[in-house]
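Have a look at the structure first, and then we will walk through it by topic.

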Amino acid sequence: MYRERLGDSIYVQAIQFLQEKHYDFGKFSKENILGTSGVSGGVISAIMMLKEKLNSRPGPVKIGLFNPFYVYHREIATGVFGTNVEFVYLDVNEDMSFDFQIIRENACHLDMIMFTNPGNPSTHVMTKEEVDKFVLVAQEFKHCYVISDEVYSDMIQPGFKHTSFHSPIPENIIVLRGFSKCMAVGSWRLGYALGHQDTIANLARSHDRVFICANWTQMAVGYYIMNQYEDYVQYLYNINLTMVKNYQMINNSILEMGWSILPPQGSMYLLCKHNCDDDLKAMVLLIKKGLVAVPGYMFMSDPLKQYNTGYLRFHVAYSLVKGQLVSDRLVGEAAIVLSGHPELSMNNWE
């Protein structure tokens with residue numbers, strides 16, 4: 001039979017517990033929480049809610065994204081609005097932190113702002129000052145929704161702390177988190193939304209139209225967190241420690257190559273600064289070493305014009321054995337035979 005529409009009761013209880021004890025974000029009532037079909041399910045529901053609200057308004061919906069941005073946010077919005085959406089791309093500071101002068105200059109014209117915290121691909125973890133400034137923006141520009149995608153909230157580098165919106169959350173801010181990344185259970189579709197109770201009620205209606213009810217897997221994770229919280233904390237510590245060690249190994253090899261890495265703050269990625277003529281040449285160099293990284297231009301507003309960002313995004317959420325393999329291949333000779341793919345020959349990029 002169908003399960004609870006707003007989220008399995010033990011799952012919602014676990015979310016309340018985590019906000020207060022694990023994150024120290026204050027007390028959230030069950031009316032402030034919606035169990036979602038993954039974080040993406042929350043993003044889809046938020047955009048559908050915005051569409052319904054603006055349905056009778058003429059002109060395109062305007063959504064703000066930050067260069068570099070998580071490309072699936074744009075894909076979801078395009079899928080919901082079709083051609084009736086205009087994306088406004090906002091630049092960030094050189095260290096990947098948010099530029100609130102640019103945000104304030106554009107917020108009056110935007111219907112929604114979306115970002116990831118920690119950043120994908122930037123790895124930037126928002127500071128308390130940035131969170132407080134976003135609250136001020138939301139309070140001043142009440143027509144503009146702020147969507148904070150925090151699926152990497154439990155994947156934080158040493159020296160940083162995940163900071164987000166405390167209870168009570170303004171009516172036009174929606175926080176989305178989940179367990180897909182930190183527990184490596186993406187197919188379980190375990191997300192949740194936090195927000196003002198009126199916003200959550202509207203979000204639930206949009207979510208219900210597509211996903212019908214909570215996933216049964218919510219019950220399993222709810223029981224796990226409520227009954228084995230210390231094990232959960234130890235698990236998070238172990239995966240973060242593994243990523244730190246992988247980062248250290250890979251960073252040493254990257255430096256030996258003459259490249260560098262932007263010091264990571266959170267998420268499961270590294271942003272590597274290469275010295276090739278463009279991102280594609282850097283990617284092909286890695287392919288010939290038997291490795292794959294995402295070229296930085298994939299996260300920009302106009303990849304055809306911004307094909308030389310100077311960056312590649314590396315993934316580091318794997319075992320130490322694989323981390324050592326990646327490190328060794330980075331400094332090894334290009335020995336991969338690209339049979340049947342002459343277009344990937346380095347000779348064609350020189």
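S1 and S7 run antiparallel and are joined by five bridges, where two strands pair if DSSP finds at least two bridges between them. Strands (E, at least two residues) and helices (H or I, at least four) are DSSP runs numbered from the N terminus. Please keep in mind that this is a predicted model, in which local features need pLDDT of at least 70 and side-chain atom pairs count only at pLDDT 80 or more, while totals for chains, interfaces and linings use all residues. Residues are numbered from 1 along each chain as its sequence is written, and side-chain values use heavy atoms, with hydrogens and water left out.

**Strand S1**

**Helix H1**

- The 14 residues of H1 (residues 9-22) should span 20 Å at 1.5 Å a residue, and the end C-alpha atoms are 19 Å apart, which agrees; the expected span is 1.5 Å times one less than the number of residues.
- Ile10, Tyr11, Val12, Ala14, Ile15, Leu18 and Gln19 are buried in H1.
- Those buried residues pack against strand S1 (33-37), strand S6 (173-178), strand S7 (190-194), helix H7 (217-227) and helix H8 (229-256).
- At the start of H1, a side-chain oxygen of Asp8 comes to within 3.2 Å of the backbone nitrogen of Ile10.
- Asp24 follows H1 and has a positive phi, near 60°.

**Aromatic rings and charges**

- The structure holds 17 aromatic pairs; rings of Phe, Tyr and Trp (its six-membered ring) pair if their centres lie within 6.5 Å, and planes under 30 degrees apart count as stacked, over 60 as edge-to-face and the rest as tilted.
- Phe98 and Phe134 are edge-to-face because their planes stand at 80°, with the ring centres 5.2 Å apart.
- Phe98 lies in the loop between strand S3 (85-91) and helix H4 (100-107) and Phe134 in helix H5 (residues 128-140), so this pair ties together parts that are 36 residues apart in sequence.
- Phe98 is buried at a relative accessible area of 9%, and Phe134 is buried at 0%.
- Phe115 and Phe134 form a stacked pair, 4.7 Å centre to centre with 20° between the planes.
- Phe115 lies in strand S4 (residues 112-116) and Phe134 in H5, so the pair ties together parts that are 19 residues apart in sequence.
- One aromatic cluster is formed by Tyr11, Phe179, Tyr192, Tyr224 and Tyr232.
- The charged end of Arg313 sits over the ring of Tyr269, 3.8 Å from its centre; this requires NZ of Lys or CZ of Arg within 6 Å of the ring centre and within 35 degrees of the ring normal.
- Lys273 lies over the face of Tyr311, 4.7 Å from the ring centre.

**The four-stranded sheet**

- Four strands form an open antiparallel sheet in the order S8-S9-S11-S10.
- Strand S8 (260-262) and strand S10 (294-295) stand at the edges, each with a single partner strand, so one side of each has no neighbour in the sheet.
- Two bridges link S10 with strand S11 (residues 311-315) in the antiparallel sense.
- Pro295 stands opposite Leu312 in S11.

Key:
Buried means under 20% relative accessible area, exposed over 50%, partly exposed in between (1.4 Å probe, protein chains only). Contact means heavy atoms within 4.5 Å. A polar contact is a pair of N or O atoms within 3.5 Å; within protein, one must be able to donate a hydrogen and the other to accept it, and residues adjacent in sequence count only if both atoms are side-chain atoms.
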